[in-house]
Amino acid sequence: MNRSAFRFFHPYRVRYSEIDGQGVVYNAHYLTFFDVSIHEYFRALDHERYSDAKRTGCDFHVVKASVEFRQPLHFDDLFAVGVKVARIGRSSITFTLGVFREGEENACATGEVIWAYVDQATRRSVPVTPETRAIVLAAEPKLQD
């Protein structure tokens, strides 16, 4: 996977607290990078997920998250996480993510995160709102609805 697959990126610098005894970013931090980057993706689309969840009583829950590691990141590396929506279903959104060290075209890690839209009172999945669907489809012209 290379940078050209993404239109949105969120920048980072590896902090000392994120490396492990091997001197590389500890694996669990990649999921935090993914979570923050997805929320920044929606912020860039002017769609504030937290306010929307409070208003509707529904929110997205992570139902699947995976990371494939190719090359490690080290302390002080500058990198960016690319985010795109790969699929929007009736009640779910699938994100594809790529981690790119500054100046490199190929991803040093890739991932997938699937969100299910859930009614917070019943804990059952519900359809993604037309508003969210429209925002995602406008941002991702290659998606088929």
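The paragraphs below go through a predicted model of one protein chain, from its overall build to single residues.

The protein chain has three helices and five strands. Read from the N terminus, the order of these elements is β-α-α-β-β-β-β-α. Strand S1 covers residues 8–13, and helix H1 covers residues 29–44. Helix H2 spans 49–56, and strand S2 runs over residues 58–69. Strand S3 takes in 78–88, strand S4 residues 92–101, and strand S5 residues 109–119.

How does the radius of gyration of the protein chain agree with that of a compact globule? For 145 residues, such a globule would have a value near 15 Å, and the protein chain has 16 Å, so the two agree. Along the principal axes, the C-alpha atoms fill a box of roughly 45 × 30 × 25 Å. Of the 145 residues, 44% are buried. Among contacts with a separation of 6 or more, 70% are between residues 24 or more positions apart. The accessible surface of the protein chain is about 8100 Å², and carbon and sulfur atoms account for 50% of that surface.

Next come the charges. The protein chain carries 18 positive and 19 negative side chains. The centres of these two sets are 6 Å apart. The structure holds ten salt bridges, and several of them can be followed residue by residue.

Arg43 is exposed, its relative accessible area being 56%.

A second salt bridge pairs Glu112 with Lys64, and here the closest N and O atoms are 3.2 Å apart. Which parts of the protein chain does this pair tie together? Glu112 is in strand S5 and Lys64 in strand S2, so the bridge ties together parts that are 48 residues apart in sequence. Glu112 is partly exposed at 24% relative accessible area. Lys64 is also partly exposed, with a value of 41%.

Arg101, in strand S4, forms a salt bridge with Glu104, and the closest N and O atoms of this pair are 3.2 Å apart. Is Arg101 buried or exposed? Arg101 counts as buried because its relative accessibility is 13%, which is under the 20% limit for that class. Leaving aside residues up to four places away in sequence, Arg101 touches Arg3, Gln71, Pro72, Leu73, Asp77, Leu78, Phe79 and Cys108. Of these neighbours, Leu78 and Phe79 fall in the range of strand S3 (78–88).

Salt bridges also link four residues, Arg49, Asp52, Arg55 and Glu131, in a network. Arg49, Asp52 and Arg55 have numbers within the range of helix H2 (49–56).

Two residues have a backbone angle that deserves a look. Asp46 has a positive phi of about 60°, although Asp46 is not a glycine. This residue is placed in the loop between H1 and helix H2. With a relative accessible area of 71%, Asp46 is exposed. Asp76 likewise has a positive phi, of about 75°, and is not a glycine. The place of Asp76 is the loop between S2 and strand S3. Asp76 is partly exposed, with a relative accessible area of 38%.

Ser4 is in the segment before strand S1. Ser4 counts as exposed because its relative accessibility is 64%, and the exposed class begins over 50%. How far apart in space are Ser4 and Glu48? Their C-alpha atoms are 26 Å apart, and the two residues are 44 residues apart in sequence.

Note on methods
Residues are numbered from 1 along each chain as its sequence is written. This is a predicted model: local features need pLDDT of at least 70, side-chain atom pairs count only at pLDDT 80 or more; totals for chains, interfaces and linings use all residues. Side-chain values use heavy atoms; hydrogens and water are left out. Helices (H or I, at least four residues) and strands (E, at least two) are DSSP runs, numbered from the N terminus. The radius of gyration is taken over C-alpha atoms; the globule rule is 2.2 Å times the number of residues to the power 0.38. Buried means under 20% relative accessible area, exposed over 50%, partly exposed in between (1.4 Å probe, protein chains only). Contact means heavy atoms within 4.5 Å. Accessible areas come from the Shrake-Rupley method with a 1.4 Å probe; for residues, only the protein chains shown count as cover. Lys and Arg count as positive and Asp and Glu as negative; His and the chain ends are not counted. The place of a charge is taken as NZ of Lys, CZ of Arg, CG of Asp or CD of Glu. A salt bridge is a side-chain nitrogen of Lys or Arg within 4 Å of a carboxyl oxygen of Asp or Glu.
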